[in-house]
Structures are given as structure tokens and as C-alpha cells.
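Welcome! Have a look at the structure below, and then let us walk through a few of its features together.

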Amino acid sequence: MSIAEPHSESSSNGHSSAASALSSAALRQLIIYFGAAIAGCTLLMFALHYLASAFSSGSTTAIAVDPENNSISIYLKEEPPSLNSTITTDSVSGMVLNHVMEGLLRMSVDDKLEAGIAERWEVTPTHATFWLRDNALWSDGQPITAADFIFSWTTALRPETASEYAFLLYSIKNGRAVNEGTMPAEALGVSAPDPHTLVVELEQPMAFFDKTVVFPTFFPIREDFYNATNGRFGADAHELLFSGPFKLTSWVHGSSLLFEKNPNYWDKDRIKLDQINVAYITQDANAAINFFKDGKVAFTTLGAENLIEAQRQGWPIKRNQDGTLFFLEFNHRDERLTRNWNLRRAMQLVLDMDELVYKVTKLPGFKPGVSIFPEWLMGTNAPLREEYPPPQLRLDTAKAREHLALAKEELGLDEWPPIVLLTSDSPVSNIQSEWVQEALKSKLGLTIKIDKQIFKQRLAKMTAGEFDILLAGWGPDYNDPLTFGDLFASWNLNNRGRYMSDENDRLVREAQGSTDTKTRMDAFGKIQHVLFDDVALLPMFERGVTYAVHPQLKGLKRRVIGADTDYTNAYIDTSAGGQ
Amino acid sequence: MWRYMLKRLALSVVTIWFIATATFFGMHAVPGDPLTSDKATSAKIRANLEAKYGLDKPLTTQYLVFLRNLSQGDLGISFTQENRRVNDIIREHFPVSATLGILAVVFAGLGGVLWGALTALYRNRLPDTIIMFLVILGISVPSFVIAAIGQLSLVNLNNLAGTSILPVGGWGTVQHMILPAMVLGLSTMAYLTRLMRSSMLEIVNSDYIRTANAKGLPSTQVFSRHQLPNAVLPVVTVLGPAIASITTGGFVVEIVFAIPGLGRYFVQAVQQLDYTVIMGTTVFFGAFLVFMVIVVDLFYGWIDPRVRLD
Amino acid sequence: MRAADAFTPLAQDQAAAISSRPSLSYWQDAWRRLQQNKRAIFSLYLIIGLLAFTFIGPMIWTVDPSSQDVDQISIAPGADRSAILVKDYEPWYGELSEDFVANDNAVGLTFAVAPSTQSVRLSWQAQGERAAGGYRIYRNLFPITAGRSLGLPLAETQSLYFEDRLDLRPIDYYYSVVALNKRGEDSDLVATLSTTVTRVITRREAERRGLLGAAEQVAYGHEFQLKLHPLGTDYLGRDMLSRLMHGARVSLFIGLFAPILYILFGVLYGSVAGFVGGLTDQLMMRFADFVVALPFLLFMILFKVIFGIGPGESGIMPMLVAMVVLLWPAAARLVRGQVLQIREEGYIGASRLLGAKTPYLLLRHMIPNTMGVILVTVTFAVPSAIFTEAFLSFIGMGVAPPTPSWGSMCNEGIKTMLTHPHELIFPALFISVTVLAFNLLGDGLRDALDARMRNRE
């Protein structure tokens with residue numbers, strides 16, 4: 001019989017009874033602490049609130065559609081990085097700028113070029129002339145003159161401004177030279193015979209020069225105001241002067257922006273909304289949908305996974321193509337396997353972009369890619385793709401395998417080494433690259449290594465050509481097929497795979513140099529065949545956006561070029577049912 | 001004491017200088033640079049950009065320029081937020097992150113201590129089991145899921161009630177803070193709960209508790225005078241760095257609830273390789289962390305006099 | 001009063017004097033106590049189960065985790081799998097069969113052929129001037145009621161036919177065609193038609209999926225059972241069960257080894273700093289502050305460059321090293337705090353007086369006495385390591401696709417949380433079970449290793 005056991009039992013009994021006596025008393029104590037903690041927390045929150053409000057201004061209040069104040073609330077996916085029109089490059093800043101600024105010309109509701117600050121214009125092979133309105137005023141009431149355009153354009157071209165989009169101004173005589181610092185800014189081929197006439201000398205004949213001036217880089221800036229901001233032009237709401245439909249009256253960084261109708265805008269009768277309140281800045285798509293559902297914003301983008309909920313709620317759903325083409329770009333450098341045409345052709349014959357769009361991406365508005373020219377581009381009289389039908393592709397795995405065998409022979413390979421597919425880290429390209437990987441593996445037996453890189457590292461690899469296949473996208477800079485057409489010209493720096501074809505280069509030069517629409521469109525029609533036959537790229541899809549709008553908000557416009565989204569023609573229709 | 005503080009401050013400055021130096025050279029060793037963008041730029045435009053931001057100078061020169069500006073409190077101008085000074089970015093957005101972070105830490109700390117004490121008292125019984133499962137759920141589900149679910153539930157609640165009970169996002173009033181702070185503090189609270197439980201259990205068996213019980217001290221006193229302060233020590237240790245990490249790591253919550261905090265600038269700056277913002281936020285957060293650690297160390301000596309600071 | 005002889009001396013019993021308990025070493029004792037802890041034993045079974053799932057599972061369920069079944073994308077567990085064999089897909093340009101009869105609704109909207117998951121072909125009658133802007137086609141999952149939107153706008157067209165191929169599932173759809181005015185806005189002229197779509201599979205797809213031999217003669221219209229996916233499929237039609245099994249390797253590896261390694265280092269570092277104290281402690285802890293303050297993401301990218309991980313290569317080991325290098329300070333700080341407290345305890349002084357050397361004191365007294373907080377930290381580091389792996393893989397720094405991991409499956413599942421919850425719930429469940437198992441085991445170990453618990457039970 002051991003003596004240890006009874007001892008141990010009594011000890012553990014004693015221990016547990018002591019613990020329970022302790023626990024009931026301690027529980028009471030804990031409850032008191034808990035109450036005190038909640039009270040303390042509440043106090044702390046108020047204290048912090050007053051502390052925080054001392055530092056930052058304004059709190060978020062949002063009503064999706066407010067007929068009383070004739071205002072709407074929306075969200076932006078990120079803070080506008082730069083509202084200085086000479087250096088801005090991104091779409092969010094572009095959206096904001098297109099609401100507060102107007103250039104010489106603008107895009108109409110029907111996506112046609114129409115008069116803006118300039119009431120009429122004329123483009124000849126050597127010159128472009130714009131006649132400005134007498135009643136066009138800055139938001140402080142002073143007239144907008146040709147000098148404001150000249151100042152803004154020369155500023156954008158000055159080397160010290162370091163504008164990335166300065167190249168858009170190279171179409172102006174001596175534009176490139178000024179930007180490269182070999183000529184003074186005064187040498188730029190622009191002049192103002194009188195304050196309301198702007199004459200532009202062109203570097204070479206350019207049929208679509210007028211189409212490029214809607215871009216923010218061409219917006220006017222008044223010199224005295226710019227100099228008064230002391231290098232902080234566009235950094236805050238009060239560091240900006242407006243020529244467009246709205247004024248930016250408040251900009252709380254990272255949080256909110258407020259647009260108010262500009263009473264000095266020459267075409268103010270066109271503008272129906274008094275206020276646009278950017279109440280939230282978030283890149284989280286689900287958060288935006290929640291704000292919409294909660295009646296805080298009048299507009300939200302929808303992902304494929306939100307469509308069921310949107311239909312259940314009966315939201316008005318709309319779709320639009322945003323103009324961007326996504327494609328697989330091959331690396332044509334000598335040391336890369338993808339320089340082999342048979343290999344590229346084999347891939348072309350097995351990748352079913354219909355499957356990608358209809359079963360994997362699952363968003364209406366996305367179109368399977370068939371050509372380097374997206375569907376929305378206009379030809380001579382009708383859409384380019386109607387006038388020049390793109391080549392038809394018939395998928396054929398058996399034929400693809402024959403090409404693959406040929407490629408293997410030509411390259412002198414025993415085994416196919418892995419092929420590197422460079423992609424970004426976005427969830428969408430993630431899915432797409434995994435789809436490509438599996439399709440090429442299951443149909444051709446090729447091993448694809450996905451090289452996922454975050455933004456800047458991916459750009460570094462793209463520039464250095466460290467890839468076999470690149471998952472790339474291209475959005476238009478201006479409304480002319482050339483913005484896509486010259487992408488694979490051998491001198492184009494955006495031709496990341498160094499594709500080189502004399503035929504393609506000749507056609508691009510023809511399209512660039514000619515002012516005859518028919519000649520140019522013929523060239524584009526041929527370019528899409530050359531690139532297809534050479535398998536310079538594999539168009540994957542044309543991106544679309546699917547979105548929901550508040551039932552009472554009408555006249556919202558989405559665009560391929562210019563402000564996307566555009567509220568300048570929007571209005572509140574109270575007769576339509578509430579949400 | 002004052003000598004100790006002085007020594008600590010001197011060491012802190014050295015620490016921050018180390019942080020700044022390592023980050024500076026680390027950042028420049030990473031491939032890519034802040035000036036590239038989706039569309040290729042010509043060599044000339046690139047040269048203009050480099051000249052504008054001083055990236056054309058040798059790295060050591062850039063480093064010296066950075067140090068000189070830093071010593072004058074100037075953190076430079078952001079690459080991605082054109083014309084915006086990094087000082088302004090920190091000044092405008094840090095108070096927001098700090099408010100949210102402090103609230104979350106207080107929430108996590110109080111909750112953790114209370115739930116932890118409760119689970120220790122009811123060890124292996126029902127309340128312990130329930131809280132344990134909640135804790136495991138709280139840490140096994142990533143914070144953005146919790147944030148998304150929290151926000152969605154609030155939307156549905158608002159829709160059900162027909163009015164706005166709490167705002168779903170944005171910033172400015174106390175109501176805006178409640179849900180984000182809770183979501184942000186949740187995983188830390190779960191951790192502190194378990195930590196508290198564990199250290200409570202160790203103390204229940206210690207000699208001084210037995211002595212206190214034996215000498216007839218009322219059990220409430222034993223609990224509040226002996227057990228709680230001693231058990232709370234590891235919690236305090238964790239809390240200091242937790243404030244720093246919660247304040248900097250509010251990225252997900254800031255995005256989901258559209259809160260203009262510094263956390264998202266910090267994360268985006270790394271992705272964009274925005275050199276000046278990376279340096280500014282890292283140095284600032286480093287200084288903040290070092291400061292919090294000093295505060296915790298002082299607090300430590302105060303809570304437990306046995307702990308010698310020197 | 002009894003006589004003195006009332007007490008008889010007991011025969012001397014050697015055995016009683018010796019403790020009946022065999023002498024146990026610290027570790028033997030700990031093991032004995034662990035075995036008595038039911039929760040700990042349960043957790044051991046859970047861990048064995050997880051290991052079996054990871055290593056034996058793939059031998060039994062041999063489905064390729066990267067094979068994509070595009071006919072069954074995002075299918076919930078237990079969904080109907082029957083499909084009817086049809087001809088390979090041919091593009092359609094609006095041709096109608098000879099026996100086609102249009103419906104007599106507002107625009108004469110009719111299905112040109114029986115709707116299937118391959119395509120739904122709509123045809124309608126010209127509306128002349130009333131459709132100056134063409135037609136817009138909508139699709140809805142719910143019956144159309146007045147005042148609500150018509151659903152999903154699929155396309156705008158000038159033609160009198162439309163083929164829908166977008167994500168068709170074997171359910172009910174309500175199609176509407178609206179005539180558009182000149183400005184491209186919806187007019188009042190609208191017709192709606194509902195249908196139940198049948199699931200089909202083309203001959204080519206059936207062959208590709210191995211449901212049909214290349215030379216096999218099966219009549220069109222034959223009903224097949226598509227491949228079974230017991231836990232459903234993900235956003236690319238990949239088998240969830242198989243992905244969970246293969247993902248377990250990465251997640252359990254990184255989820256266990258990373259925390260154990262970096263916390264082990266942290267414990268050693270922290271206990272030395274706390275124990276030695278003075279300037280050494282100051283310098284060591286300032287170095288810890290320095291490591292904590294480094295931007296994690298930036299240095300992860302740097303590590304990837306330093307380790308020279310090529311495109312698409314698996315970077316698990318570098319990731320492990322990087323996590324150890326960057327994540328130890330939290331544990332070090334915690335343990336140092338505990339050691340600062342413990343080193344003032346009486347028994348440390350006693351042990352020191354008895355001539356104990358520093359390593360002995362550290363290993364025998366300090367670390368076992370901080371075991372409680374260490375184990376909590378380890379168990380909590382498990383899910384955070386799993387999610388860190390997922391985050392790093394997402395930005396291209398961990399495992400290369402298509403290798404799955406639980407964390408990245410969770411990340412992907414969040415997007416479809418409301419529509420296909422199984423894509424989030426299953427990986428989250430496995431992570432929870434892992435965390436639960438290690439929490440219970442940690443608790444059991446804590447009780448078992450706690451020196452003060454010795455001889456108490």
C-alpha cells in the first residue's frame with residue numbers, strides 16, 4: 001500500500017476547492033473590472049475622437065443620392081496620385097481632372113469629338129488651329145487664353161518637369177527637342193496670334209492630332225497661378241485652378257474629395273449636379289459593394305462573384321468595355337525558345353480564349369480576344385473590325401502537336417525545358433496564368449513556370465526581357481487604332497518582347513505618316529493579319545467592367561478614352577424608385 | 001534613473017540610424033525603381049526623372065543627402081503622390097492609425113486579461129472550452145475575412161433596422177471607430193487571452209499565492225493584489241510591440257473600412273518602391289516602436305519592482 | 001487505561017519505507033502526465049490524422065491537384081454530376097432550323113435550339129424603328145418583377161440573334177431582350193423568356209476528361225456522370241480534396257517548422273539577454289528592436305533576390321530562413337521579460353549558491369519556467385506562419401503555382417465567400433483543426449513540463 005497516493009488525492013482535492021472559492025470571489029471581481037473597462041473604453045473613445053478631430057478635418061458623411069442638395073456620393077479606388085495635369089499618368093487622377101478641367105476639345109456623350117474651350121478647330125498636314133471661346137473662364141473668373149495652353153505644354157516638355165507623358169507632345173514641332181533639352185522651350189511650335197487663337201505647328205502630318213488634345217497633358221494651366229503655388233501645384237484642393245464643369249473644394253487626403261459645380265464654367269447649363277462627394281477611398285471591391293448596399297454610394301463595380309447578389313437585390317446592372325486589351329506577349333529575343341514560330345503557333349492552336357472568358361473570368365463585358373485591335377476602335381465609317389474582319393482561328397490540338405514536334409526539331413531539343421510566364425500579383429492575372437499553365441500542360445505537355453512579381457519587380461523584368469511569355473495589357477492613349485497598331489513596331493519601347501518584322505514596321509510607318517483615312521485603315525487591317533500569322537502575340541480578352549448604379553442616378557457615362565467614370569452629364573431622377 | 005534614460009535615448013538614436021541605413025540600402029538593392037511605370041519611357045524622359053529626384057547621383061551621395069535631410073527632419077517628397085511631402089503624409093495619417101491602433105490595443109488588452117483570467121479560473125470547464133474555441137476561430141481565420149464578415153453583417157443589420165446603426169466605413173466620429181478597432185484588435189486579444197490564461201495558471205500554484213491564502217487574506221484580495229498583477233506581466237511585455245505592430249499593420253482594416261490611416265501608405269510604398277515614403281514611414285515607425293519599448297520597460301519596473309532596469 | 005502491551009510493534013517492513021513510486025526523471029514524469037491528459041491525447045490523434053491526410057491521403061485519392069475540370073468550376077460538394085453528350089461546339093451566326101417557329105411575345109423571342117450549358121441561342125423578330133439602337137439582352141437568375149432590373153446585361157447587338165455562353169449552369173434563367181432607342185437606352189419594348197438549362201458535355205471534352213475512349217461509339221444524348229469531386233471544386237474546377245491534401249504539405253511544413261525555429265532562437269536569445277542583463281541585455285534588445293522595425297515585405301523581396309530563386313521555383317526553404325531571420329524578436333522579448341522576473345526568484349539564488357553554471361540555470365530553471373508563454377506563442381504562430389506563407393506565395397515569393405497551400409486556398413476562397421462558401425470553409429477548417437490540435441497539445445505539454453506541477457497529481 002503506498003502512502004503517496006492518499007496524500008496526492010487530498011492535495012488535489014484541497015487545491016480544487018481552494019480554487020473554486022477563489023474563483024467565485026474572483027469572478028465578482030472580474031465582473032466589476034469588466035464594467036469599469038467598458039466605461040473606460042467608452043471614455044477613451046471620446047477622448048481619442050476629439051484628439052483625432054483636432055488633427056484631421058471633416059468626418060465621412062455620405063448619402064448615395066441626395067435630391068435635396070442635388071448631390072451624389074461615390075468612391076474612388078485610390079487616392080489621386082497627382083492632379084498636376086502636366087505629369088499625371090493614371091486613370092484615377094484622370095477621372096478627377098476630367099471633372100474639374102476642360103481642354104480645347106472634349107468627348108461628347110456619344111463618344112464623338114466636340115468643342116470644349118475651343119469653339120472650332122482645323123487640322124491641316126502642317127498646322128492645327130484652335131479658336132478659343134470668348135466666354136471660357138477660369139474658376140476665379142479670369143478668361144482662359146491661348147497663353148495658358150502654351151504655358152502648360154511647354155511646362156510639360158521642360159526636362160526638369162520630367163513628365164512621363166511628354167511624348168504625347170512630340171507631335172508638336174520641336175517638342176522632342178525641347179523635352180530632350182537640345183532646344184529652349186520658346187522654340188516649341190505653338191503660337192498665339194491673338195489671346196483666343198492657338199496655332200500649333202506639327203512635326204509631321206498627323207491626321208488625329210485633334211483627338212490627342214482631349215488628354216490631360218494638353219489641359220491649360222495659368223502661369224501666374226502655377227508660379228504662386230511654389231512647386232506644390234496640384235497637391236491640394238487650393239493649389240489648383242479649374243477650367244471645367246466642377247471645382248474641387250475639399251480634398252482630405254486618403255479620405256474624401258468634394259466637387260462643386262463651377263459657376264464660371266462656360267457650359268454650366270449642361271451640368272445638372274450641384275455636388276459630387278467622393279466619400280470613400282478604398283481599393284477593396286467588397287467594401288465598395290457594402291457601401292453601395294448600405295446606401296452610401298451611388299455606384300459600385302461588380303466582380304463575377306457579386307453578380308448573384310446584385311441580381312437578387314434587383315440592382316440596375318450595366319456593363320461596358322474599358323478599352324484595354326490583354327494578351328500573351330512572346331519574347332522574340334534570340335536566346336529565347338519563344339523566338340520559334342512553330343512553338344508559338346502550337347500555343348495559338350490550343351489556347352481557347354472563349355473558355356477563359358466564358359468559364360473562368362465569367363464577367364459580361366469581357367470579350368474573347370481575336371485581334372490586336374479591340375472591338376470599339378472605329379475604322380473609316382464603321383468599327384474597324386467590321387471593315388477589316390480579323391483572321392479566324394480554328395483550334396486544333398492535333399495540328400498543334402505537329403507544330404510542337406517541328407519546333408523541337410528546329411530548336412534541337414531532346415526535352416522541352418520549362419517556359420517562363422511572367423505575370424503580376426493581381427488575383428485576376430493569377431487565375432489567368434494558372435489557366436494558361438494547365439492548358440499548355442494538358443494539351444501540349446509543356447511545363448510553364450509562372451513568375452509572379454509585384455509591380456516594380458515585374459516592370460524591371462519586362463524591361464530586361466527576362467521572360468518567355470508575358471501576360472500583358474494595353475490601354476489606349478488616344479482614340480485612334482494607332483495607339484494599338486504601333487505596339488509591335490521594332491522601335492516601340494513598349495514592344496517588350498522585341499518583336500521585329502519589316503512588313504509590320506513598314507505598315508506602321510504608312511499608318512503614321514499618312515493623313516488619308518482609307519490608307520491608314522488598310523494598313524491597320526494588314527497589321528492585324530501580319531501579327532496573327534507571325535503569332536507575335538496571343539490576344540486573350542478585351543476587358544469589360546460590370547457595375548451597378550443607384551436607380552435614381554441617370555446619365556452616368558463610362559468611357560474608353562477620357563474620364564471613366566464620367567458624371568458630368570449625370571442627373572438625379574426622383575421619379576425612379578428608390579433602392 | 002536619469003542616467004538610465006539618457007543611455008536608453010542614446011542607444012535609441014543608434015538603433016534608428018541602423019534601421020534607416022539597413023532599409024536604405026535594402027531598398028536600393030531590390031530590383032526595380034520608383035520611376036518605372038506600365039508604359040515604357042524613353043531614355044531621355046527617364047534621365048529627366050532621375051535628375052528631378054536626385055537618383056542620378058551615386059548611392060552613397062544619395063545616402064548622405066538622405067541623412068542630412070533626416071537630421072533636419074525633412075523626409076522628402078513622395079514619388080507616387082506627386083508634390084506631397086512625406087512629412088505631411090505622416091502628419092495627416094499617423095493620428096488616424098494611432099487612434100485606431102490604441103483603441104484596438106486597449107480593446108485587445110482588456111479583453112485578453114479578462115477572458116484569460118476567466119478561462120484560468122474555470123480551467124478545463126465549460127467557459128474555458130467555449131472561449132478556447134472562439135480564440136482558435138479568431139486566429140485561424142485571417143483578419144480580412146473577419147473584417148469582410150464584420151462589415152457585411154453591419155450592412156445587413158443597417159438594412160434590417162432601416163437606419164444606419166453604425167457607419168460601414170469612413171472615418172471621423174466615434175461610431176466610425178468601433179467596428180474597425182474591434183476587428184483590428186481581435187487576433188491580439190485572442191493571443192493575450194491564451195497568454196493570460198497560461199501565466200495565471202502558473203501563478204495559481206506559486207508559493208506566494210499559497211502563503212497569501214494561508215494567512216487568511218480574503219480571496220478577492222489574493223486575486224486582485226497578487227494573482228492579477230503578476231499574471232499580467234507577460235501581457236505587458238507583448239503590449240508595447242503590439243501597439244507598434246497594430247498601428248503599422250492596420251493595412252487590411254484601413255482598406256476594408258476606407259480609413260485614411262498610414263498603414264496603407266506604408267504597404268503601398270513598398271509595392272511602388274516609393275523610396276522617400278518607405279524611408280519616412282520606416283524611420284517614423286521605428287522611432288515609434290523604440291519609444292513604445294521604452295515605455296513598456298518603465299511600466300515593467302513599476303508593475304514588478306523585482307525587475308531591475310539597469 | 002490499557003496496558004503498554006496493547007501496542008504490538010509491527011514487524012519491520014522494508015517495503016513501506018521505500019516510496020512506492022519509481023524514481024522518474026523530469027522527462028519521464030512529463031511524459032507520464034501528458035499521457036494522463038485526455039485533451040492532449042485527443043490532440044495527438046488529431047495530429048496523427050492530419051499527418052495521415054497529408055502523406056497517405058494522396059495515395060488513396062490520386063486525383064491531380066492541378067488538373068482543371070472546366071465543366072465543373074466552383075461546384076459545391078454533392079452537386080448533381082449528370083451531363084448529356086453533345087456534338088463539339090460550332091460557332092453560330094443566327095441560322096434557324098426549318099421547323100423553327102417564333103414565339104408570339106412582344107419581340108418574338110424564342111430559343112433557337114434547346115438551351116444547354118454549352119450555349120443558349122436566342123432569336124427574335126425585327127422591330128424596325130422601335131429598335132433604332134439595336135437590342136440589349138439581359139439574363140436573370142430570379143423571376144422578373146415590375147420595378148426591378150432585368151438582371152445581367154449580356155450584350156448589345158444590331159442582329160436578330162444572340163448566343164450566350166457565359167458561365168452557364170444547369171439552373172433556371174430568365175432571358176429578356178429589350179429594343180433600344182437611338183441613344184442606346186432601354187425602351188419599353190421587352191420580352192422575357194425563362195428556361196431550365198441542361199448540363200451537357202462535348203465529345204472532345206469527354207475524351208479529354210477520360211470519360212470516353214477515343215474510338216468509343218456512344219450516341220449523342222447519352223447521359224454521363226462527370227468526375228466526382230467529394231469536397232467540390234475551386235474557381236478553376238480543380239478538385240478541392242486533392243488540393244487540400246497536397247496543400248497540407250506546404251502549410252504544415254511552414255506552419256510548424258517556421259514557428260518552432262524562430263521561437264527557439266528567440267527563446268535562447270531572450271533568455272540570455274534577460275539573464276545576463278546589463279549592457280549586454282541593452283545591446284541585444286536594441287538589436288531585436290532593429291530587426292522588428294525593418295519593413296517585412298521589402299526584406300522578403302530582398303531575401304528572394306539574395307537566395308537567387310528563379311522564376312516559378314519553389315522558395316520554401318528561403319522563405320523559412322527569411323521568416324526565422326525576421327520574426328524571432330517577439331519571442332525573444334517575451335522570454336526576456338519572463339526571465340527578468342524569474343532570475344530574482346529564491347530558487348535561482350539557491351541553485352546559484354549550489355554552484356550551478358549559467359547554461360544549467362538557463363536550461364534547467366529559466367526556460368522550463370517560461371514554457372507556458374513559449375508554448376502559447378508557438379501555437380499562435382502556427383496560423384500566422386500559414387497565412388504569411390500564403391501572402392508571400394501570392395506576391396510570388398513562396399511556392400509557385402499550381403502548388404496549392406491552405407493559406408492561399410483561403411485567400412482565393414474569400415472572394416467567393418458568399419456564392420461558393422465551400423472554397424473558403426474547407427481550407428479554413430483544416431487550419432482551425434491544426435491550430436486546435438497544437439493548442440491542446442501545447443496546453444498538455446505546458447502542464448506536463450511545468451516543474452511545479454510535479455508530484456502534484
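This is a predicted model: local features need pLDDT of at least 70, side-chain atom pairs count only at pLDDT 80 or more; totals for chains, interfaces and linings use all residues.

One of the salt bridges pairs Arg238(C) with Glu434(A), whose closest N and O atoms lie 2.5 Å apart. Polar contacts between chain A and chain C come to 13 residue pairs, counting those with both residues at pLDDT 80 or more.

Which elements of chain A give two or more residues to the side that touches chain C? They are helices H1 (4-55), H8 (307-313), H10 (353-361) and H13 (427-444), together with strands E13 (317-330) and E16 (448-452). H13(A) provides the largest share of this side, with ten residues.

| Class | Residues on the chain A side |
|---|---|
| Nonpolar | 17 residues |
| Polar | 14 residues |

In the contact as a whole, chain A takes part with 49 residues and chain C with 50 residues. The size of an interface is often given as the accessible area lost when the parts come together. For chain A and chain C, about 4500 Å² is buried, 53% of it on carbon and sulfur atoms.

Now for a sheet in chain C. Three strands form an open sheet with mixed pairing, in the order E9-E1-E10. Strands E9 (200-202) and E10 (223-225) of chain C are its edges, each pairing on one side only. On average, neighbouring strands of this sheet are turned by 45° against each other, direction ignored. Strand E1 (residues 82-86) of chain C runs parallel to E9(C), and three bridges join them. Within this pair, Ile84(C) stands opposite Val200(C) of E9(C).

Key: Residues are numbered from 1 along each chain as its sequence is written. Chains are lettered from A and ligands numbered from 1 in the order in which they are written. Side-chain values use heavy atoms; hydrogens and water are left out. Two strands pair if DSSP finds at least two bridges between them. Helices (H or I, at least four residues) and strands (E, at least two) are DSSP runs, numbered from the N terminus. Axes are lines fitted to C-alpha atoms, for helices over the stretch in contact, and angles run from 0 to 180 degrees between N-to-C directions. Contact means heavy atoms within 4.5 Å. Buried area is the accessible area (1.4 Å probe) that two parts lose on being put together, summed over both. A salt bridge is a side-chain nitrogen of Lys or Arg within 4 Å of a carboxyl oxygen of Asp or Glu. A polar contact is a pair of N or O atoms within 3.5 Å; within protein, one must be able to donate a hydrogen and the other to accept it, and residues adjacent in sequence count only if both atoms are side-chain atoms. Ala, Val, Leu, Ile, Met, Phe, Trp, Tyr, Cys and Pro count as nonpolar, Asp, Glu, Lys and Arg as charged, and the others, Gly among them, as polar.
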